[in-house]
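Open the model in your viewer.

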Amino acid sequence: MTSEIIITKFYKKYGESGESPRVFFSPGRVNLIGEHTDYNGGYVFPCALSYGTYMAARITDTKTIKFASLNFDFTIEIPLSELNNKVKNEWVNYPLGVFDEFKKTGVEPDHGIELLFSGDIPNGAGLSSSASIETVTGFFINKVFGKNKLNLVELALLCQRAENKFIGVNCGIMDQFAVSVGKKDHAIFLDCDTLNYELVPIKLDGLKLIISNTNKKRQLADSKYNERRSECEQAVKYLNKFKKIKNLGKLSLNEFNELSARIPDEVIRKRALHVVSEDQRCVEAVDALKNGDMMRFGVLMNESHNSLKDDYEVTGTELDTLVEEARNIKGVLGSRMTGAGFGGCTVSLVKEESVDIFIKNVGKKYEQRTGLKPDFYVADVGNGVKEIQ
Ligand code: GLA
């Protein structure tokens, strides 16, 4: 997709009269390590992708907003006064939630708008297609109606609130943050408690990051996600009876091991162990990358997946099969699920010369074992949200 293509499609949809539309872009993201740690005040290490969501927008003299997408058939025209009503179609609720949150900050459109979205990241695959739609909408509203009142971090927080309140998924800050502040060829080492972050160059000499999509339709992912989140809150409650802690992200593995017997429920204990150990792995992985120790990075990716599988229980047959088959390929340093889990994608660190064989063999074996055809993308780390000139 280029801005010329989306503008052509825009004219086809809405006609050529009026000003020419402005085009905005927000990427998707892949998380390298630090999974299910963000809502526990821990560390994450995602990067923005070069693919994402394009949005063309034109101000009109009407009092309605028209929403259309090249990815979904559903279109709708909503009066400005009714923007806070949810509609019975998922994708439109993402931009609507963002309009709603902006309204709460006193920023709302005073004119009608025609909007056309077009995404080139697979939807619901754990690559943050929803954060990407939210953020591209938010960036536009902030720039055109909000006079750039919010900086990128504040924009990410607003889009997270839209997802929490309007969509009802209690997600953490990772996705909206990554797609807002991402930088080409850098990953973002983010402390989700303080929101301090560091852009770390990804030097992949001779290696590639391959994203493999299970193409498994995610079922009940949102409710299971919210369930994990409350299990972590429960763990903090148990531990707080013995030691005051703000969240699991602030515990070292040693401290946790000393305290863990105080958690009476075995499932809750396992969930907490994942979070605390994953946080430590994330810090170590960033160090490994800075030191050019990619073997160590790969080992930590593997350990991360194992912990998400055994202790956090968010993987499932499809993700586990992709990871197992990836690890059977010579030249794979590490492989893990990425994002929320319950289907979606894996990310693997692969020697350049093994990429073709990886795609061929993992694809074949995965299809034989699950009956599903996977998709593969060689990740290209891109910039955060922007207007395309
Ligand atoms: C989803 C959420 C994020 C994060 C990941 C798991 O992508 O939106 O906030 O919790 O899952 O790491």
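A polar contact here is a pair of N or O atoms within 3.5 Å; within protein, one must be able to donate a hydrogen and the other to accept it, and residues adjacent in sequence count only if both atoms are side-chain atoms. This is a predicted model: local features need pLDDT of at least 70, side-chain atom pairs count only at pLDDT 80 or more, and totals for chains, interfaces and linings use all residues. Residues are numbered from 1 along each chain as its sequence is written, and side-chain values use heavy atoms, with hydrogens and water left out.

Start with the ligand and Glu35. A side-chain N or O atom of Glu35 lies 2.6 Å from a ligand oxygen. Next, select Asp38. Its side chain places an N or O atom 2.5 Å from an oxygen of the ligand. Then show the backbone of His36. There, an N or O atom is 2.7 Å from a ligand oxygen. The ligand alone exposes 310 Å², and the protein buries 93% of that (Shrake-Rupley method, 1.4 Å probe).

Zoom out and colour by domain. An automatic or database assignment gives domain 1 (3–201 + 383–387) and domain 2 (207–379). Finish at the interface: 35 residues of domain 1 contact 44 residues of domain 2 (heavy atoms within 4.5 Å).
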